[in-house]
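User: I have a model open and want to go through a few spots in it. Can you take my questions as they come?

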Amino acid sequence: MYDIEKITNPSFIKNLSTKEMQVLCQDIRTFLIDSLSKTGGHVSSNLGVVELTVAMHKVFNSPEDKFIWDVGHQVYIHKMLTGRANQFSTLRQYKGLSGFPKRKESEHDCWETGHASTSISAAVGMAYARDLNDENYHVVAVIGDGSLTGGMAYEALNHIGHTNKRLIVIINDNEMAISPNVGALHNIFGSIRTNESYLNTKRRLKKLLKNTQLLNRVMYRAKGSLKRFVIGETPFDAMGFKYFGPVDGHNLDDLIKNLNFAKKADKPVIVHVKTKKGKGYSFAEADKLGTWHGVGKFNKETGEVSVHKKENCVSWSKLMCNGLIELTKHDSRVSVITPAMINGSALNDYQMLYPDRLIDVGIAEEHAVTMAGGMATQGMKPFVSIYSTFFKRAFDQVHHDVARQNLNVVFGVDRAGIVGADGETHQGLYDIPMLRPIPNMTIMMPKDAKEAYDLLYTAYEINGPVAIRYPRGDVFNVVPNYESWQSVPVGSWTTLKSGADAYLLSMGPILDDLVQLAEDLSEAEGIHVGVINTRFIKPLDTCLLDELAKLEVPLIVYEESAMIGGLGTAILEYYNETNQTVKVKRLGVPDVYVQHGSVPEVLAELHLSLDDIKAEINQVIKK
Ligand SMILES: Cc1ncc(C[n+]2csc(CCOP(=O)(O)OP(=O)(O)O)c2C)c(N)n1
């Protein structure tokens, strides 16, 4: 039995026998399930890499050797083995342990991630630096088969394959991204995995060569040619890599042997490891939807996940999915494109009803956007469902491919705003600054379900690209009914409450709280603050802005978005261009990266809580 919380560094693994490592793996799994049942987190990806992580620490010497975890959501075991298990009760919480690799947390985290498909590029960079500096460490990237669908991964493979640089890429192939994986490479992996004649020949060779030393030497030399002989070249061989695999990712001996082979190679190496996502926890093993990819707290005995849904509420993602289902019944131009986020974006029902119209392109945001442009040229009006944070990847595609040609593509910008536990790499704070300068773009954000449906309807009337942003979290549910949807004049804002002393301008579901705040202020302090729903971020409602200017009261613009280039900036620019002098106070996310924590904690740290807004109103009125 190992006390996982007492582990301070991974060096002890070097002296462990296979049996001892197996016990360690079992203890890690028990600790992981127990700990995550109390905090939530990425359950199944981590259960899948227990043996792989232990084997990596057995064979390599971290931190001298560099481990680069793609996405980084599977880094928990590495954190445990590098002395951070005792902080797991704070995982993904405010000021607690991050759910992703963090350089400031440990010298064993040499690269930070959160977004997919970056690991091989980072590893290539480190390999170049090592060689230019005449150093001699190993660089090991671990990338899932899901993340291998991202374009950047191919760019890096293509680059490094012909350089002969020493670099190890471990492909963790569990046949899943969050949902079952997609793509041609996935099928190629399938044929390698299941090639019985190759596996049988390998087994027979093993039986013949009982002596381990000899076996290792012969296997190392014979593997490539055996594979080429039986199944032909893998695409990786053809690209200049030495390919080892498929390796049973839950068999420590097999893993250690192959990693040692990889270590000896004097050129780029692929180690293709076959794992089971959720290994060792039946609920996670059986999951085909992606529910156990990332979960909240759960009952470890029953597998029941705690859900805190408010009564009669659904997630914003689900609401949009319901709207899209209704829209598709009436508009044959609709098709939904998702970059590997069927589950996160709650598109399961859409997929069930319209399997041909729900297109999962893999973790390929850039491709998703340009592909939507292509569909639009042929009379379709695709809806690209995309998280705000991942949308950043496709800036040029939105610009060059879609907006420049004024194509009819609707972007559903999910998780817009502060996202909570995923933190820094996942905050949805940059979509407005990214989209605003792009000509032809319309940007909107609904405050509630009714407005969401109306804006969706309106988006399908607009000629040109449209982005509808919506946050993480729940919204009071309204069943969609196409007949009741109304077209909204493009660029029109609404006045939710009139005021004589100041005006609050904002968008999205925060508006209910702002109206309440304004009412409280007028009752308790006799301060009369108006509230405007700026549901279009582009174009602005310039008529209403002109009227507000005439009132000669201060305006407070509140946005859960980066302030630079945000709505407040747009309003200041407008007043500046029209030579109107208006006192505008911007409240938004300053020029910093925002850490993980619950949304209220993070907003409080950024001075963006309702109390802060109230204090700001008092300030601007006094001045
Ligand atoms: C650019 C980008 N798009 C989407 C995501 C969301 N995401 C996180 S993990 C994941 C699936 C990763 O699959 P894989 O690499 O196979 O790892 P596994 O969890 O299966 O071990 C996705 C789509 C992301 N992190 N980055």
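Analyst: What follows goes through an annotated site, a sheet with its helices, and some backbone details, all in a predicted model.

User: Start with the annotation. Which residues does UniProt list as "binding site"?

Analyst: The record, an unreviewed entry, puts that feature at D145 and N174. The two are spread over 30 residues of sequence but cluster in space, with a largest C-alpha distance of 6.9 Å.

User: Where does D145 sit?

Analyst: D145 is in the loop between β2 (139-144) and α6 (151-161).

User: Buried or exposed?

Analyst: D145 has a relative accessible area of 3%, which is under 20%, so D145 counts as buried.

User: What is D145 in contact with, leaving aside neighbours within four places in sequence?

Analyst: The contacts are N172, D173, N174, E175, M176, N181, H186 and F189. With E175 there is also a polar detail: the D145 side chain reaches the backbone nitrogen of E175 at 3.1 Å.

User: And N174, what loop is that in?

Analyst: N174 is in the loop between β3 (167-173) and α7 (184-193). N174 is buried too, at 13% relative accessibility. Leaving aside neighbours within four places in sequence, N174 is in contact with D145, T275 and K277.

User: Change of topic. What is the strand order in the seven-strand sheet?

Analyst: The order is β8-β7-β9-β10-β12-β11-β17, in an open sheet with mixed pairing. β8 (358-360) and β17 (536-538) are the edge strands, each pairing on one side only. On average, neighbouring strands of this sheet are turned by 25° against each other, direction ignored.

User: How many bridges join β7 to β9?

Analyst: Two bridges join β7 (residues 336-338) to β9 (residues 383-387), and these strands run parallel. In that pair, V336 stands opposite F383 in β9.

User: Which strands does helix α15 touch?

Analyst: Helix α15 (residues 365-377) packs on the sheet and touches β7, β8, β9 and β10 (410-414). The direction of α15 makes about 160° with that of β7.

User: Now α17. Which of its residues are buried?

Analyst: In α17 (residues 395-403), the buried residues are Q397, V398, D401, V402 and A403. Seen down the axis of α17, the buried residues fall within an arc of 150°, so they line one face of the helix.

User: What do they pack against?

Analyst: The buried residues of α17 pack against α15, α16 (388-391), β10 and α18 (431-435).

User: Backbone next. Is the peptide bond from S62 to P63 cis or trans?

Analyst: That bond is cis, with omega near 10°. P63 lies in the loop between α3 (50-59) and β1 (66-69). The peptide bond from G245 to P246 is also cis, with omega near -10°. P246 is in a strand, β4 (residues 242-248).

User: Why point those out?

Analyst: Because most peptide bonds are trans. Likewise, most residues other than glycine have a negative phi.

User: What is phi of R92, then?

Analyst: Phi of R92 is near 65°, a positive value in a residue other than glycine. K95, not a glycine either, has a positive phi of about 65°.

User: Where are they?

Analyst: R92 is in the loop between α4 (76-84) and α5 (119-132), and K95 is also in the loop between α4 and α5.

User: Is K95 buried or exposed?

Analyst: K95 counts as exposed, at 69% relative accessibility. R92, by contrast, is buried, with a relative accessible area of 15%.

Key: Residues numbered from 1 in each chain as written. Predicted model: local features only at pLDDT ≥ 70, side-chain atom pairs only at ≥ 80, totals over all residues. Heavy atoms only, no water. UniProt positions renumbered as here; feature names shortened; annotations may be inferred. Helix = DSSP H or I, 4+ residues; strand = E, 2+ residues; numbered from the N terminus. Buried < 20%, exposed > 50% of the residue type's maximum accessible area, 1.4 Å probe, protein only. Contact = heavy atoms within 4.5 Å. Polar contact = N/O pair within 3.5 Å; in protein donor to acceptor, adjacent residues only side chain to side chain. Pairing = 2+ DSSP bridges. Axes fitted to C-alpha atoms, helices over the stretch in contact; angles between N-to-C directions. Arc of directions from axis to C-beta.
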